[in-house]
Amino acid sequence: MTEPRVRPDPAFALLGLYETALPEVYGYLLSRCGDRTLAEELTSETFLGAVAACRKEYAPPVSTGWLIGVARHKLADHWRRKEREERGLRLVHDSEPDVDDPWDERLDALRARQVLESLGSHHRAALTLRYVDGLGVPEVAGHLGRSVHATEALLVRARAAFRRAYEEKEGRDA
């Protein structure tokens with residue numbers, strides 16, 4: 001009589017990758033959110049989500065790049081949740097004019113990071129996905145759960161808010 005074959009858990013592939021991928025995933029998230037606690041939480045969510053995804057029938061091969069993609073989705077989900085919460089609390093809506101903004105000045109990286117962290121989560125999410133991650137507007141729209149047109153308008157408002165806050169901070173730091 002033959003023993004029934006037991007299929008190994010596909011999530012074991014993550015174990016071999018865990019030690020090398022963990023700092024990459026955490027570093028990716030920390031560089032985009034700037035908050036250690038949040039980066040740790042999202043890293044944990046990333047690996048838990050990856051375990052679940054690995055166990056699906058047509059799971060992609062496990063790699064650090066794939067885990068970074070999972071992390072990007074977890075971060076976008078976080079920003080969407082935060083924006084919904086903030087939207088529920090806001091009484092006044094944004095009314096920024098749509099302006100073409102060719103800002104050619106060189107940005108100070110530290111000041112830019114501080115300004116980005118001070119923006120609302122919807123602006124921070126849009127700018128980070130577009131300019132830090134280098135995603136196209138349709139991809140940003142997909143991550144944020146918005147239409148392309150709404151995302152373009154959000155990016156215009158986000159750039160204007162960033163520029164205004166950057167210049168205010170520059171004035172205070174001078």
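User: In which helix is His78 found, and is its side of the story buried or exposed?

Analyst: In this predicted model, His78 is found in helix 3, which covers residues 64-89. A residue counts as buried when its relative accessible area is under 20%, and His78, with a relative accessible area of 15%, is therefore buried.

User: Which residues does His78 touch, if those up to four places away in sequence are not counted?

Analyst: With those sequence neighbours set aside, His78 touches Leu38 and Leu42.

User: How should I read a list of buried residues along a helix, for instance the one for helix 4?

Analyst: The general idea is that an α-helix has 3.6 residues a turn, so residues three or four places apart point the same way. In helix 4, which runs over residues 109-118, the buried residues are Arg111, Ala112, Val115 and Leu116. Seen down the axis of helix 4, these buried residues fall within an arc of 135°, so they line one face of the helix. On the other side of helix 4, Ala109, Leu110 and Ser118 are exposed.

User: Which residues of helix 1 are buried?

Analyst: In helix 1, the buried residues are Leu14, Leu17, Ala21, Val25, Tyr28, Leu29, Arg32 and Cys33.

User: What is Leu22 in contact with, apart from its neighbours within four places in sequence?

Analyst: Once those neighbours are left aside, Leu22 is in contact with Thr43 and Phe47.

User: How do I compare the span of helix 1 with what its 22 residues should give?

Analyst: At 1.5 Å a residue, helix 1 should span 32 Å, and its end C-alpha atoms are 29 Å apart, which agrees. Along the way, helix 1 bends by about 70° at Tyr18, and just after the helix Gly34 takes a positive phi of about 70°.

User: How many disulfides does the structure hold, and are Cys33 and Cys54 buried or exposed?

Analyst: A disulfide needs a pair of cysteine sulfur atoms within 2.5 Å, and the structure holds zero disulfides. Cys33 is buried, with a relative accessible area of 10%, and Cys54 also counts as buried, at 5% relative accessibility.

Technical notes: Residues are numbered from 1 along each chain as its sequence is written. This is a predicted model: local features need pLDDT of at least 70, side-chain atom pairs count only at pLDDT 80 or more; totals for chains, interfaces and linings use all residues. Side-chain values use heavy atoms; hydrogens and water are left out. Buried means under 20% relative accessible area, exposed over 50%, partly exposed in between (1.4 Å probe, protein chains only). Contact means heavy atoms within 4.5 Å. Helices (H or I, at least four residues) and strands (E, at least two) are DSSP runs, numbered from the N terminus. The expected span of a helix is 1.5 Å times one less than its number of residues. The bend at a residue is the angle between axes fitted to the seven residues ending there and the seven starting there. The arc is that of the directions from the helix axis to the C-beta atoms.
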